[in-house]
Amino acid sequence: MAEQAARGAVLAMRGVSKTFGGVKALNDVSFTVRPGEVHCLAGENGSGKSTVIKIATGVYTADPGADIEIAGQSVAAPTPGLARRLGIAVIWQDLALFPEMTVAENIGFEALLGARPKPVARKRMRETAARVLARLGVALDPDAPLRSLPIAKRQIVAIARALVGEARLIFMDEPTASLTQAETDHLLEIVRSLSASGVAVVFVSHRLAEVLEVSSAVTVLRDGRLVGVFPTEGMTQSKLTELMTGQTFDSAVAARDRSAAPPVLELKGLTREGEYADIELTIRKGEILGITGLIGAGRTELGHTLFGMTRPDRGEIRLDGKPVRFRSNGQAIRAGVSYVSEDRLSLGLIQPQSIADNLSLTVLDRLLTAGLISPARKSSLVDHWIRELAVKIGTPADAVATLSGGNQQRIVLAKWLATEPRLLVLDAPTVGVDVGARAGIFAIIRRLAEQGLAILLISDEAPEVYFNADRVLHMAGGRIIGHYDPRATSLAELEQAVYA
Amino acid sequence: MMEELKARLGPEVLGLTVFLLAVMLVFSFLSDRFLTAANFGSVAVQLPELGILTLAMLLPILSGGLNLAIISTANISALTVAWVLQVNGGPEAGMGAFLLGAALALAVGGAAGFLMGAVTAISGAHPILVSLAMMIFLRGLGEYLTRGGDISGFPDFVAAIGHGSLFGIPAPLIVFLACVAVWQILLGRTRLGFFTYMVGSNIEATRYSGVDTKRALMLIYTLSGVMCAIAGIVMMARFNSVRVGHGEAYLLITVLACFLGGVDPFGGFGRVASVLLALVILQILSSGLNLLGANQHLSTAVWGLFLIAVMVLRFGWKRWFERKRGKT
C-alpha cells in the first residue's frame, strides 16, 4: 500500500533515520506528500518534525539506507539547490527575508542566485512579483520596503518567493505563530487556493484546531519515530494530542462552585477606547475564571490594564472590595496582582540571564540584608521554588533559554508566585509549551486555586479554558458576549460560539 | 580546588590572569628594568585616570548603552572645581574651597549624567545619540567658558593630591581602588546593579517584571556622570591644570578596556574584576613597550592588536569548550 501511495507523490521519503552524535533524532520514518495535498506534520518539540523538513530540503543528509524521491525522481541525498530545482520550498518560522529590501526584490531575489554576476533587472523583478501576488490574490505594493509590512504580509511575501521558484511543495514551519485570527484565516485561505492549484503544502503547527481545519491528512511523529498517517476526517484535538504524546489526558471538567467565596477582583464597566468596553466581571477567592475568544478580542489588553501597564478610560477596578487605580505595574505587583505574559520569549523571561536571576527579579526587595542582596537568601529562594514547582534544571546559574518551554513557564510562574499574589492573570500560559507538559502546568494552576489564589485564565484555545476554569467568559470585539458554566455546557457548544 | 576557583572567578578572570602573567614574563625577559618598583610605580600612577573613566563607561555598557560624553563630563566637572578655586583666591584658596568645588563638580557630573539618562529613558532615543549630543554640548560649553585655553594656578595641595601618596600608595590609585570597590558592590550586591544587568539584556521584560526601568536608566547614567567627575578631579590634580579636551584619547580606550574585560558589547554581562584585570594588562603593555624604547603611538597600535588577539582566542576557546562538551 505504501508503494501505491508513493506513486505520483511529490515527495516520498522511506526508511529515513538521522543520528546526531549518537542520538537518533529520526528512526526509520516514512513521509509521503501527494500533489496538491495539504498535509500536517505533527509532533511535540524534539519529535523530529524539523529534522524531516531539513532532510527533505537538503539542509541535513539522512543516514545511509534512506530512500528519497522528489517528483518521481530518486534522490540519494538532496542538496538545498537540487531540492529547490525539483520544486521544494520552505517558509521558515523566521521567514528568512531581507527587511531593508522591497517586496519585489525579496520575491525576485532567487533569480539572481548563481555563480555568475548578473545585472539586476528591476522591471522584470517587479513584473514577476506583481504576477505572483496576483495569483495569490493579494494586493501589495511591490516597491514597499519589507520592514514597513506587518508580519502577516511578510509571510505572504515569503510564500510568493516560493511560488516564483515554481514550487510543487511548500513546507510552512509554524506559520501562524505570530498572526492574529483574521490573518490566520487569510493565510489558511491562501493555503487552500495553493492546494487547489496543485501545490502541496506541509503545515507544521502547534495549534491543533487549525491543523485539523486546513489539512486532509496528518503524519504524527513521536520521539523521532513515525506514529502513523491519519486522515483528519473524524480526528479530534484530544485524539491527536494522545497520538503526539502517547498519553491519555484526563479531560474531565474541573469546574467547581466558588460562588460562596469572597470576591477578590471586581470590574465594573471597565472601558479603554479601542481595546475593550464595559467589562463586568468578578473573580472570587480560589476561583479560576476563564476568558476565551479569538486573538484581537481585547483579552491581552484587559490583562495589561489589570497589571497597571495601561489605564482604563472609564469604569472601576476593585481589589478585595477597595477601588484601585494603578499608575505602574510596580504598584499592581505590590497590591498583589501578577501577570504571566503571552510572550514568554521577549516579555516573560530575560532569556540570556540565569534561572536564579530571572526568579529573583520580582522579589529583590525581600532578599536584602542591610540594603544589599544576600546571596544566601537568594539561593534559598531559588531552591525553594525549583522544588515547589518541580522544575527540571541543570544549575540555577544556567541561562533560562536552556530550558524547555514547559520548564521556562514554571520559572515564570515561580517568579510571580514568589511575590505572593492574590490575583494571578495568566495570558495564554501554554503557548510554546508541549502538549504533554501542559497538563503539568495546569496541575500547578489548579493547586494554586485550591490554595485560595484568584486566577484569570486567558486563552484562545477554548478547550483549555473549558477543562480548567470554573466559569468561562467569551470575549469578542472588546466585549464580553457570553457566560458559560463548563458543568452545564458542552465543549462543542463553547467551540461553536467562539470559532464559528 | 581549581574547579571551585574557576566557578568563583569565572573563566574570564582566569584567562585574563594567565594573559597578564604571560605579558609580564615576556617583558621581564626583554627588559631587566621591567620587574622594578619604579616601573610598577609608573603603572600605578597611570592606571587610575583611564581606570576611573572605564568604570564610568562600564555601567552604561552593561545596561545596553554607551556614554560617549565621559571625557567632556570629566572636563566640565574639573572646570567647576577650577572655577570655585579661582573665585576663592586662586593659588591662595583653601582646602574648604577645594572640597566645595569637588562637591559641586560631582553634582555637575551627576546632573549631566541624569540628563542623558532621562532623555534616553523617556524618549527612547539610543544612548549613543544622546551621549554624543551631550558630549558636543559640554565640549562646546567648556571651550566657550575657557576660550579654549588652560586654566591653572591652583593651590599647592592640588598637585600634592595628584602626586602624593599614602603608605607608599599613590593617592590617585587609592581613589581608583575605592571606586572599584564601590562599583563591585553596586553591581554585585545592590538592586540597581542587578537591574543594570537585566535592563542590558532585555529592558521590556525587565519592565514587565515590575522594575521601574526609566528610573534605573536615570540612576545608571547619573552614577556614570558622578564617576566622570571623580576622573575629572583626579586628572586636574595630576596635570595641575584644566583644559577642555584633556584625556580625549581615553574615550575609545575605555570602550576597548571594557570589551577586553569580557563585557558583552550588547549589554547584560560583564564583571568589574575582569575589567580591572584588562586595565592592568593594557597599562603593563604600554609601560613595558615604553621601557623597550618603543614610542607611544606604537603602544596604542599594540593595544589594538591585543584586542583582536583576545577576540580570536576567546572564539577558539569557546569552540574548544563546546566540542569538549558535545563529546561527553
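Let us start with one pair of residues: Leu41(A) stands opposite Thr219(A) in strand 9 of chain A. The model you are looking at is predicted, so local features need pLDDT of at least 70 and side-chain atom pairs count only at pLDDT 80 or more, while totals for chains, interfaces and linings use all residues. Residues are numbered from 1 along each chain as its sequence is written, and chains are lettered from A and ligands numbered from 1 in the order in which they are written.

That pair belongs to a wider arrangement. Strand 3 and strand 9 of chain A run parallel and are joined by four bridges; strands here pair if DSSP finds at least two bridges between them. Helices (H or I, at least four residues) and strands (E, at least two) are DSSP runs, numbered from the N terminus. On to strand 10 of chain A, which runs antiparallel to strand 9 (residues 217-222) of chain A and is joined to it by six bridges. Leu221(A) has Leu226(A) as its bridge partner in strand 10 of chain A.

Stepping back, the open sheet of chain A has six strands in the order 6-7-8-3-9-10, with mixed pairing. Strand 6 (88-91) and strand 10 (225-231) of chain A are at the edges with a single partner strand each, so one side of each has no neighbour in the sheet. From one strand to the next, the twist averages 20°; angles run from 0 to 180 degrees between N-to-C directions, and axes are lines fitted to C-alpha atoms, for helices over the stretch in contact.

Now for the helices on this sheet. Helix 6 (residues 151-164) of chain A lies across strand 6 and strand 7 (169-173) of chain A, and runs at about 170° to strand 6 of chain A. Helix 9 (residues 237-245) of chain A packs on the sheet too, touching strand 3 (38-42), strand 9 and strand 10 of chain A, with its direction at about 35° to that of strand 9 of chain A. Residues are in contact if their C-beta atoms, placed from the backbone, lie within 7 Å.

Chain A is assigned domain 1 (2-245) and domain 2 (263-499), with bounds from an automatic or database domain assignment. Their centres, taken over C-alpha atoms, are separated by 34 Å. Each of these domains of chain A gives nine residues to the contact. On the side of domain 1 of chain A that touches domain 2 of chain A, the largest share, four residues, comes from helix 9 of chain A.

Chain B comes next: 17 of its residues are in contact with 18 residues of chain A. On the side of chain B that touches chain A, helix 8 (191-201) and helix 9 (203-208) of chain B are the elements that give two or more residues. Helix 8 of chain B has the largest share, five residues.

Finally, within chain B, helix 3 (residues 70-87) and helix 4 (residues 95-123) pack at an angle of about 150°, with their axes 8 Å apart. Helix 3 and helix 4 of chain B are therefore roughly antiparallel to each other (angles under 35 degrees count as roughly parallel, over 145 as roughly antiparallel, 65 to 115 as roughly perpendicular and the rest as oblique).

Methods:
Contact = placed C-beta atoms within 7 Å.
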